[in-house]
Amino acid sequence: MRTRNLGSLTVSAQGLGCMGMSEFYGTADEAEAERTIHRALDLGVTFLDTSDMYGPFTNERLVGRSVAGRRDEVVLATKFGVRRGEDGSRLGVSGAPDYVRSSCDASLQRLGVDVIDLYYQHRVDTSVPIEETWGALKGLVDAGKIRHAGISEASPETIRRAHAVQPVAALQTEYSLWSRDPEDGILATCAELGIGFVAYSPIGRGFLSGQIRSIDDLAPDDFRRYSPRFQGAAFQQNLDLVERVREIAEEKGVTASQLALAWVMAQSGRNGNPDVVPIPGTKRVAYLEENAAAAELELSEDDLRRLDQAAPKGAAAGDRYPDMSTVNQ
């Protein structure tokens, strides 16, 4: 697989989001998840994304076990800032320097590694000046505990303030054919500052695959059941968007998921954008292989024009989260 740059960090052009292997997307199967990670590495998908809050805490352990013995092949990214209890309870957001340091030490232990390649602030704590949080991250870089620092769901102003303290290697934010908000200033800010862009949920939380036709296709404990985009009239409107994408995919002889992924990858360097690296999440080998194959799919300018028409900015109905107060801060 080709590579792309997140600041001075080189990663595979497509990564693997590991969150769903432990939580949020129905029943977990750790054996299949480990097989999926091993297969990803074999295919050159070596940029793995996790967080302490996934599980909570169990996803980092899963990833750590899966890469043991192959650490040199992997770029490990994890996150801090969304606090949870061992019982899964939500305890708010923290960017306090002491919390940053203790979270890093705990993640290193769970992952079973000496250094984290990319350590993200998962959500911005508006009660703590960003300079204080990023001063702690700079300390972790200086101490050799992390190699690069990133931030997730941050506004252009916050990105600039963080970058002034410690270089931001990557911004991670949702980006796909139905979540094009980063085109309103975020991508331009990253390009200006030399920051890479990591796109999570590049297949629209699976919706753009075309395999979700009704809410009943989701497991009872699947968090998407509570997403505004998966409910009521919004669901039907978004299904119409998916159908337009699927028709183009059929013409090209690829799956809708592959086309959606290829579109995200094609935004890398387009219109002055920074390098864009999608991290589609899956917990099954078959879907991992399907996603990885999308990295070889080349889209023409006509393809991109048709997709822009089929899924223009703002076309998706409903907010990305039930509570949008912690994003774009």
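**Exercise 1. Contact range**

Among contacts in the protein chain between residues at least 6 apart in sequence, what percentage join residues at least 24 apart?

*Solution.* The model is a predicted one. Take the contacts between residues at least 6 apart in sequence; 75% of them join residues at least 24 apart.

**Exercise 2. Overall form**

Compare the radius of gyration of the protein chain with the value for a compact globule.

*Solution.* 
1. The protein chain has 329 residues, so a compact globule would have a radius of gyration near 20 Å.
2. The protein chain has 19 Å, which agrees.
3. Along the principal axes, the C-alpha atoms fill a box of roughly 55 × 40 × 40 Å.
4. Buried residues make up 57% of the 329.

**Exercise 3. Helix packing**

Count the helices and strands, then describe how α2 packs with α3.

*Solution.* 
1. The protein chain holds 10 helices and 12 strands.
2. Two packed helices are described by the angle between their axes and the distance between the axes.
3. Locate the pair: α2 spans residues 58-67 and α3 spans residues 97-111.
4. Their packing angle is about 45°, and the axes lie 7 Å apart.
5. Therefore α2 is oblique to α3.
6. On the α2 side, Glu-60, Arg-61, Val-63 and Gly-64 make the contact.

Key
Residues are numbered from 1 along each chain as its sequence is written. This is a predicted model: local features need pLDDT of at least 70, side-chain atom pairs count only at pLDDT 80 or more; totals for chains, interfaces and linings use all residues. Side-chain values use heavy atoms; hydrogens and water are left out. Axes are lines fitted to C-alpha atoms, for helices over the stretch in contact, and angles run from 0 to 180 degrees between N-to-C directions. Helices (H or I, at least four residues) and strands (E, at least two) are DSSP runs, numbered from the N terminus. Angles under 35 degrees count as roughly parallel, over 145 as roughly antiparallel, 65 to 115 as roughly perpendicular and the rest as oblique. Contact means heavy atoms within 4.5 Å. The radius of gyration is taken over C-alpha atoms; the globule rule is 2.2 Å times the number of residues to the power 0.38. Buried means under 20% relative accessible area, exposed over 50%, partly exposed in between (1.4 Å probe, protein chains only).
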